[in-house]
Every structure is written in structure tokens, then in C-alpha cells.
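Hello,

I am passing this structure on to you. My notes on its salt bridges follow below.

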Amino acid sequence: MSTVFIALQANEDTRPIIDAIVQDNPAAIVNREPAMVKIDAPGSMIIRRETIEEHIGRTYDLQELQINLITLSGHVDEDEDQFTLRWNS
Amino acid sequence: MQIDLRTVSIKQQRNTFDHLARRFGDKPASRYQEASYDIQATENLHYRPTWDPDQLIYDASITKIVMADWYALKDPRQYFYNNYTLARARQQETAEANFTFVESRGLVEMLPEELKRLALDVLVPLRHAAWGANMHNSFISGYGYAAIFTQACMFHAMDNLGIAQYLSRLGLLLGDQEALTEGKTAWMDDEAWQPMRRYVEDCLVVRDPFELFVAQNVALDGLLYPLVYERIVDGTLSTQGASSVAMLCQFMSDWFDETRKWVDAVMKVAAAESEHNRLILQEWTDKWSQRAAAALLPVARKALAADAEEAVAEEVDSFKGRLKKIGVEI
């Protein structure tokens, strides 16, 4: 199975996002590089607004993700509630 | 000559403090966790306080509520000093801009006299209630247990003081210094304010910090803010043409919306801990919310006249609905 990944800057803003991704994607592997966190997941990765809100303690607009986003790989399917990475095959 | 640039990645020896690693595992901790968890002093406090030798200096048993781990009372807003002050500074700027707007556009002069009177009558005496709330939250902060809970109470106490100040400024803007004097006279002597004053004063002698939390932050605030700021200020006053008053009270509405989440989270966790806790919380909420509703009724009459009773009953109903979601039924 091919891997999708997302790389975020490592800072206070992304910590709850990373926690949310790990919670929603048990198979995800978190690689903490200097100043960057790269998360790999086999097949697909789901980022849910609700889970992030749980961790962050306030309302969250999924587009805020873009501020700290470095790069990603996979086809993006995005709506207001979730952001999905997947290879369409 | 050729220079190669190479990055060297240095793996840090530890991700966070040991006490946080024990609690959350060895991974980078958030600032909130670092600033809040397990920082309550627990050891080497072998002298009992001279002012009350029956208790320890930091004593979890002053309250009837029993928690296996007091650090379970997490603040969902994750406020610690830094982000709390930043959030409030931003809100202060908005409030400041609102006051300037109302003042510079002469909106106060455009207020119909009877609406101005009504706003002063209902809002200015409340600054004494807000001061009481400040005292109560300071008490909870002083005698409560676990930094995660007490620091949030201290922030709450500062907010209460801020609200008292906004109310004073509103009084000064709408009615100059006499408004504040009249407000105090009403608080001290006006029949309609006496049940409320008694409520606040009775709270000053409650010794159980968690009961005080229920009496002030859950019961009184839970009925007062929706009734006064949502219903009377944003509703009645605004529809009659005094929306400038609503502008001056914006902080209070926003603040209640925000802090409610914290109050609910604390209650929910404490009630879910044990049947014992749930029953005590139920008893306290029942007792104090009934008193709060009775104390608010004469105040509501000032603004809503004959509709007051229905309005208070509706607020009590929605308050009960809110508590039901937390797991406390009254």
C-alpha cells in the first residue's frame, strides 16, 4: 500500500493537530525532525475538525491548517469537517 | 573550493520534564501542560497553618468533593498565564474601541431617557455583584486544590474584576459619578437588590471551595448572564433602540460564552468521578440555583415588568437543560 504524508512546522499551533491526527489515524507514524513534524500513514489519512477542536479547546477552521503546512503527498479531499489524504487507485 | 552545507540533527535527551513524562508519556508537552500539571506543592508541608490547625496548608479535604486526581479538572480553553493574558488583551482592545465609538459618536445623548435610566438601574449595581464574584473566585483559588483548577479560578477572579470595571465605566459614561453613587445606594438599600446582595454576602462565608464554585460560577452566573446580558441588554434594550448599551456589554456576553465551557467541563468531570460527587453537586446546584432565581426575579422585574417571572422561569429551564448535559439533574 502506498503511503501518504503531511509535514507541518513544529510549533505550539501544530501540537494539538498532530495529537488529533494520531488519535484519528492509529496507523500513522510521527517523525519529529528539527523544526518539522512529518506524519506518514499507509493508504490514507483523515484530519477531523472535531478532534482538533477537542485538543485545542476552541473552534477551529480547517483552513488554519494551511498556515503551518509545509508539504503533503496524496490526493486532497477537503470540506469543512475533514481533510483527507488518499491515493486514488 | 567547494563548501557542502549539511544539516546535523541533534536528538534531544529528553522531551519534557519528568513529572510530565510520567503523566503523558515521553513526548513534547504543550505549554499549558508545562505551566499547569503537577506543580501544586505536596511535600514538606509538615507545619499546619496557625490560622486553622485543623487543615493542611493545601488540603484537598476541605471540600466534600472527592477526586482521585484533582488534575483531571482540565481547562478546555487551556489557559495559562501567557495565552490568557493575550486573549484578554485582544478583548480589551475591542471593548476599548466600543467605548470610544459610543462616546465619540455621541450615542449616549441619543439614548431615550427611560432606556438610559433602565440600563443604569439594572447594570450599575451589578458591579458590586461582580466584585463579590471576584472575592469568591479568589477564595476558591486560595483554598482549592491542584494548580490546574485554581489557576483557572484566579483568571476567573480577574475577569470578574474586569467586568466590575466595565460596569463602572458604563455607569460613568451614561450617568457620570452620580450613577455610581446611586448604584451603590440601590445595592445597599433598594428592596429589589437585597435578595441578590444577601446571596453574594452569604457566599462570602461558604467555606467549601467547590460549593462556592457551584454557588457563584455555576448557579449565579449561569442564570444572571443569560438573563441580564442576553435577554435584557441584547434583547429588550436593543430592540427598543439602546443597542449602544449592548456594545458596551459585549465583553460580558462573549466572556460568559467562553467561560461556560470551562465551568461545564469542571462540573462534568467532577460529577462523572463518583456517585458521591454527583449527589453532592446535585444538592448544591439545586439549592443555589433556586436561591439565585429568586434573587434575580426582582431585578428582572425592573426591566421586564410583568414578563419577568416567565423570563426567569425560561432561564431556569434552559439552565436545567445545560446541567443535564453535564450529568447533574435538578
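**Salt bridges in chain B**

B:Arg31 is partly exposed, because its relative accessibility is 46%. Please keep in mind that the model is predicted. The partner of B:Arg31 is B:Glu34, and their side chains form a salt bridge at 3.3 Å, N to O. B:Glu34 has 25% relative accessibility, so it also counts as partly exposed. Both residues sit in helix 2 (residues 31–36) of chain B. They are three residues apart there, which means a separation of about one helical turn.

B:Arg278 is partly exposed at 22% relative accessible area. B:Glu275 is partly exposed at 47%.

Next, a pair that spans the sequence. The side chains of B:Glu258 and B:Arg77 form a salt bridge at 2.7 Å, N to O. B:Glu258 belongs to helix 10 (residues 250–273) of chain B, and B:Arg77 to the loop between helix 2 and helix 3 (81–104), so the bridge ties together parts 181 residues apart in sequence. B:Glu258 has a relative accessible area of 15%, so it is buried. B:Arg77 is buried too, at 8%.

Over all chains, the count comes to 28 salt bridges.

Best wishes

Notes:
Residues numbered from 1 in each chain as written. Chains lettered and ligands numbered in written order. Predicted model: local features only at pLDDT ≥ 70, side-chain atom pairs only at ≥ 80, totals over all residues. Heavy atoms only, no water. Salt bridge = Lys/Arg side-chain N within 4 Å of Asp/Glu carboxyl O. Helix = DSSP H or I, 4+ residues; strand = E, 2+ residues; numbered from the N terminus. Buried < 20%, exposed > 50% of the residue type's maximum accessible area, 1.4 Å probe, protein only.
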